[in-house]
Amino acid sequence: MTDAIAAVVWDIGRVLVQWDLPRIWRDAIPDDAERARFCTDVVSEEWHFRHDAGEPMDAMVAERKAQFPHLADLIEMYRTNWLDAVPGPIEGTHEVVEALAARGVRQFAITNFGADSWAMFRPTFPVLDHMEDIVVSGVEKLVKPGRAIFDLAAARFGLPVERMLFIDDNAANIATARALGWQAHHFVEGAAPLRAEMEQRGLL
């Protein structure tokens with residue numbers, strides 16, 4: 001590897017924590033096909049992305065209830081049961097975070113996460129204590145894969161982009177990072193290949 005890595009920059013959803021929006025309604029809508037329709041037509045990931053981009057949860061829920069009044073109780077669960085969508089860690093990645101921390105490697109994060117849901121989630125996820133700084137899309141009203149959130153992160157983290165290793169499961173996010181000069185690992189095959197790359201780079 002040509003550039004020594006000075007910091008590791010993590011995505012969070014589907015890299016450090018499981019992310020499964022329909023799981024919120026797993027018990028309320030037990031039929032898989034019916035739940036899939038609800039999460040396509042009423043509370044889709046595209047709709048949820050508005051929260052990641054900075055729209056308040058209360059406003060989104062109120063709007064959807066007005067559109068689908070007969071589904072108001074189910075829509076309300078997006079707000080009251082949101083943490084059900086993040087049921088636990090991704091296998092193996094927390095151990096990588098801990099191992100990097102033990103070696104004194106600097107760590108940061110850039111995440112697409114709504115401000116309201118972040119306030120609920122962050123206290124439940126202590127592994128993030130190892131991050132020196134976390135750029136949250138819903139707080140900044142900037143989202144991946146847009147370039148602006150990467151530029152903001154680089155300015156806040158205070159390191160040359162070519163000396164930061166960005167890890168994300170989303171190909172578009174990886175493409176933007178690489179286009180801006182970041183080193184990047186596309187997280188598609190789990191923690192083992194990631195750990196192998198860390199070892200190859202001398203981080204572990």
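This is a predicted model: local features need pLDDT of at least 70, side-chain atom pairs count only at pLDDT 80 or more; totals for chains, interfaces and linings use all residues.
Residues are numbered from 1 along each chain as its sequence is written, and side-chain values use heavy atoms, with hydrogens and water left out.

**Exercise 1. Find where His 94 lies, and work out what it touches.**

Step 1: Start with the helix. His 94 belongs to α5, which covers residues 93–102. Helices (H or I, at least four residues) are DSSP runs, numbered from the N terminus.

Step 2: Turn to accessibility. His 94 has a relative accessible area of 18%, so it is buried. Buried means under 20% relative accessible area, exposed over 50%, and partly exposed in between (1.4 Å probe, protein chains only).

Step 3: List the contacts, meaning heavy atoms within 4.5 Å. Not counting residues up to four places away in sequence, His 94 touches Leu 16, Pro 89, Phe 125 and Val 127.

Step 4: Look at Leu 16 again. Its backbone oxygen lies 3.0 Å from a polar atom of the His 94 side chain.

**Exercise 2. Is Pro 89 buried, exposed or partly exposed?**

Step 1: Locate the residue. Pro 89 sits in the loop between α4 and α5.

Step 2: With a relative accessible area of 44%, Pro 89 is partly exposed.

Step 3: Check its surroundings. Leaving aside neighbours within four places in sequence, Pro 89 is in contact with Leu 16, Val 17, Gln 18 and His 94. Pro 89 and Val 15 are 74 residues apart in sequence, and their C-alpha atoms are 8.3 Å apart in space.

**Exercise 3. How do helices α3 and α4 pack?**

Step 1: Take the geometry. Helix α3 (residues 57–67) and helix α4 (residues 72–80) pack at an angle of about 165°, with their axes 9 Å apart. Axes are lines fitted to C-alpha atoms, for helices over the stretch in contact, and angles run from 0 to 180 degrees between N-to-C directions.

Step 2: Name the arrangement. The pair α3 and α4 is therefore roughly antiparallel. Angles under 35 degrees count as roughly parallel, over 145 as roughly antiparallel, 65 to 115 as roughly perpendicular and the rest as oblique.

Step 3: Sort the residues in the contact. Among them are Met 57 and Arg 64 of α3, and Ile 75 and Tyr 78 of α4. By class, this contact of α3 with α4 has six nonpolar, no polar and five charged residues. Ala, Val, Leu, Ile, Met, Phe, Trp, Tyr, Cys and Pro count as nonpolar, Asp, Glu, Lys and Arg as charged, and the others, Gly among them, as polar.

**Exercise 4. Now describe how α5 packs with α10.**

Step 1: Read the angle. Helix α10 (residues 191–200) packs with α5 at about 20°, and the axes are 9 Å apart.

Step 2: Draw the conclusion. That makes α5 roughly parallel to α10.

Step 3: Identify the residues. Thr 93, Glu 95, Val 96, Ala 99 and Leu 100 of α5 meet Ala 191, Arg 195 and Met 198 of α10. By class, the contact of α5 with α10 has five nonpolar, one polar and two charged residues.

Methods: Helices (H or I, at least four residues) and strands (E, at least two) are DSSP runs, numbered from the N terminus. A polar contact is a pair of N or O atoms within 3.5 Å; within protein, one must be able to donate a hydrogen and the other to accept it, and residues adjacent in sequence count only if both atoms are side-chain atoms.
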